[in-house]
Amino acid sequence: MKNEILQKAKKYFPAIYAIVASYLISFGWNWYHAKRDPIWKFALIVIGVWAAVYILYRIGKFLYKTLIKRLGYNDFWHNEFYDFLDRLFFVASLLFAIFFLKSDLLSIGYLIIILLVLFFILDRQLAKHPNFEAIQTVNRGIFLIVFVLFALNSGLQYYAHQYNIFESRHLVPNTLLFRSLSITMIWMIGLSISGFISLRLSPRRRWIGFGVWGVLFAAVMLFWVINIGILYFSGLYVNPVAFEHAKGAGMVIWNWLSFSLLIGYALCLAAIIYVIRKILRAFKVSPRRYWYFYFSLILAAGILVLFSTRSFYSTPEYSIAKNFYKYFTGETKEIVLSKELFGKLEKYGLFYKPDKFLVAQKDKIYSEGKNLLPDRLKNAKPNIVIIFVESLSSRFVNAYNGNRFKDLTPNFDKMAADPDTTVFKNVYNASTPTITGTLAELCSYLPPTGHEEIHKKKGIREFRLTCLPKILKDHGYSYSSYTTAVSREFSSKDTIFTGMGVDEVFGKEDLAKIIQGEPLSWGYSDHQMFPVLFDMMKNKSSDPFLMMLATVDLHFPYVMTKDLIKWKNGRSDVLDAVYTTDDAFGIFWDKFKNSELAENTIVAVIADHAIFPGGIQSSVFPEYAGKATFYDEIAFMMYVPDSVLPDKVETFSSSMDLAPTILHILGINSNNAFDGHSIFDDRDQYQNLVGMHEFGLFINRSDDKGGRAIDYGVPSQLDCPENLQSDPKAPLTLCELQEYYKWKRQVFEEGRLWNK
């Protein structure tokens with residue numbers, strides 16, 4: 001009785017395997033691709049696809065048996081292998097569990113495990129074949145090359161995702177897996193075609209088909225070695241311009257990483273040669289029909305994968321090939337600025353070498369001159385603290401506006417009045433909002449990018465520029481940090497600041513472990529943040545450090561702060577926000593001045609950008625309301641212990657001048673790719689200023705009458721001629737600035753703005 005039950009169960013096992021496998025495929029596929037709300041609709045879709053998959057499998061199994069009979073294959077394929085197909089189908093269906101995994105690394109590992117299981121059960125089944133040695137040789141050779149290719153491509157796709165600055169960190173789950181699978185199947189399709197060619201050749205010439213495939217593979221992998229070097233140092237894929245300027249791009253393409261990878265390349269090549277030789281030897285002992293069967297199966301599977309995933313179009317290989325194709329067919333329009341336009345840009349302190357790969361490379365930051373530090377700090381490394389005050393246009397600070405708003409900023413005024421503080425006037429922001437404004441300040445870089453692209457579209461993860469934190473680290477500063485009230489990931493601050501050389505980026509998640517109580521603003525309020533900064537400074541006071549803090553209370557819409565302090569009974573929400581930030585800063589400033597830190601710490605207070613036009617309310621600035629743009633004079637003050645600097649500087653300058661000015665004060669004169677100048681060096685020679693970002697273009701220049709002429713325009717609204725001609729005698733126009741903006745974006749994407 002027991003044996004009869006077992007026999008019946010064994011009889012129905014194949015059907016159960018196929019039913020369960022069809023369900024796993026349907027449920028996994030639809031879990032990933034279909035909407036699960038409402039649930040009843042999702043259930044109906046799963047059931048419908050389940051039935052379709054099962055029917056298709058049964059039809060396929062029937063066609064298999066019919067074909068095997070007609071071809072006259074031996075009984076093994078009719079009986080043992082035919083019965084084995086259900087089990088093989090079930091194991092293959094386990095691959096669809098990948099759709100439930102959220103980690104690409106976990107998915108890749110899981111796929112490798114399932115492939116290994118498939119290989120071992122298939123290998124064991126083929127051992128029952130009368131001519132098992134020959135067919136096992138084919139099976140093992142094919143699986144071996146699939147494993148090598150998939151493992152290699154998985155590593156390359158993961159590396160490219162980690163380092164490409166235009167790659168979103170928040171990919172759809174399994175994107176990297178499908179990219180790796182797509183590239184692997186393309187190589188396997190090529191191998192199958194080479195195999196078909198080799199099968200048609202004489203035994204002495206069979207190496208030709210595989211040889212062509214191998215040479216192509218070797219060339220692509222060598223290209224990847226170059227690409228890895230470029231990715232590591234620039235965050236960009238290899239591009240045609242890098243080869244056109246091979247001499248200047250050498251340090252970007254060929255570097256210590258590329259050379260070390262050549263060893264890995266040689267090992268990889270050796271592995272592929274070993275596999276190909278193994279396949280060629282197998283050709284001698286295995287009947288051709290086995291190879292035809294496997295190559296046909298690979299071809300079908302490869303085409304199915306490519307059409308079902310379509311992930312190939314997001315791979316680095318496709319992007320690079322497309323860029324080269326468009327470049328050499330003339331589809332990519334190269335933006336070339338005229339000598340006249342470059343000459344105009346030089347009047348704004350913007351110098352480039354368009355004939356070189358590294359267009360902005362300079363040997364030094366400032367011309368040698370007198371020391372800007374007091375004698376006791378000449379051989380020391382003073383700590384540096386930079387406070388980026390949200391939207392603090394100078395018109396709000398009494399030290400700038402002649403006490404227009406009495407007692408609105410008593411603490412910023414206290415710092416300004418300190419005998420060791422320099423107040424910088426006529427400083428205008430080069431970009432906005434916070435992320436591009438801060439990039440301009442720390443990297444002395446006029447960014448042809450915007451908040452929309454960086455944050456909302458997740459378009460840029462980091463900038464491989466040589467910025468203030470990295471230069472300080474190279475000159476003995478052992479620690480740097482950036483603290484923001486909001487999430488580290490907002491506008492990719494975590495990766496962007498890490499890319500600048502910042503050791504630690506603290507966001508709302510980290511501050512929650514330090515600050516007692518809930519966040520009181522858009523994130524933590526300024527009154528919550530400044531005490532954290534002071535404690536961090538005390539804890540690191542034994543080391544030369546750079547610490548940066550970004551405030552938040554003055555962020556639009558100006559009423560988010562729960563611990564807001566009203567100024568004059570709440571006359572204006574903007575002025576309330578300014579007053580609140582000033583009060584929080586005052587508590588910090590008093591603690592700092594009464595501590596030992598004041599003896600060896602430089603403190604710079606600078607706006608991250610000017611206040612947005614919406615903050616210029618008619619009740620506060622009736623003469624300016626409705627005329628405001630995203631550009632304005634910003635507050636910038638710097639305290640240096642025992643300062644030898646002037647109390648006030650009125651040179652027209654840009655927020656891009658922050659980094660070179662600080663480095664000049666410290667006596668650090670290094671290679672750079674800065675757009676700005678030290679205010680204490682030659683900035684006064686270039687008092688014409690420009691600003692750029694996605695919201696508008698800005699020109700602020702001296703006119704013929706000794707005054708200032710200001711032009712402002714939104715790029716999308718400018719009506720500029722297609723073939724722009726620059727008149728060398730006329731001043732810079734907004735259309736010319738827009739053309740420069742486009743050119744700079746192009747060279748940025750080509751990796752030509754990176755420092756050595």
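**View 1. Serine 444 sits in the loop between helix 17 (434–443) and helix 18 (451–456).** Helices (H or I, at least four residues) and strands (E, at least two) are DSSP runs, numbered from the N terminus. Phi of serine 444 is near 45 degrees, a positive value in a residue other than glycine. Most residues other than glycine have a negative phi, and most peptide bonds are trans. Is serine 444 buried or exposed? At 0% relative accessibility, serine 444 counts as buried. Here buried means under 20% relative accessible area, exposed means over 50%, and partly exposed is in between (1.4 Å probe, protein chains only).

A word on what you're looking at: this is a predicted model, where local features need pLDDT of at least 70 and side-chain atom pairs count only at pLDDT 80 or more, while totals for chains, interfaces and linings use all residues. Residues are numbered from 1 along each chain as its sequence is written, and side-chain values use heavy atoms, with hydrogens and water left out.

**View 2. Asparagine 403 is another residue with a positive phi, about 65 degrees, although it is not a glycine.** Look for asparagine 403 in the loop between helix 15 (398–401) and helix 16 (410–417). With 41% relative accessibility, asparagine 403 counts as partly exposed.

View 3. Proline 38 lies in the loop between helix 1 (2–33) and helix 2. You'll find proline 557 in the loop between strand 6 (545–550) and helix 23 (573–593).

**View 4. Helix 5 (residues 104–126) and what covers it.** At 1.5 Å a residue, the 23 residues of helix 5 should span 33 Å, and the end C-alpha atoms are 32 Å apart, which agrees. That expected span is 1.5 Å times one less than the number of residues in the helix. Buried residues of helix 5 include Ile108, Leu111, Leu115, Leu118 and Leu122. An α-helix has 3.6 residues a turn, so residues three or four places apart point the same way.

**View 5. Threonine 184, a buried residue in helix 7.** Threonine 184 has a relative accessible area of 1%. Its side chain makes a polar contact with the side chain of asparagine 153 (3.5 Å). A polar contact is a pair of N or O atoms within 3.5 Å; within protein, one must be able to donate a hydrogen and the other to accept it, and residues adjacent in sequence count only if both atoms are side-chain atoms. Leaving aside residues up to four places away in sequence, threonine 184 touches Val146, Leu149, Phe150 and Asn153, where contact means heavy atoms within 4.5 Å.

**View 6. Phenylalanine 497 in helix 20 (residues 493–499).** With a relative accessible area of 0%, phenylalanine 497 is buried. Not counting residues up to four places away in sequence, phenylalanine 497 touches Ile435, Thr438, Leu442, Tyr482, Val502 and Val505.
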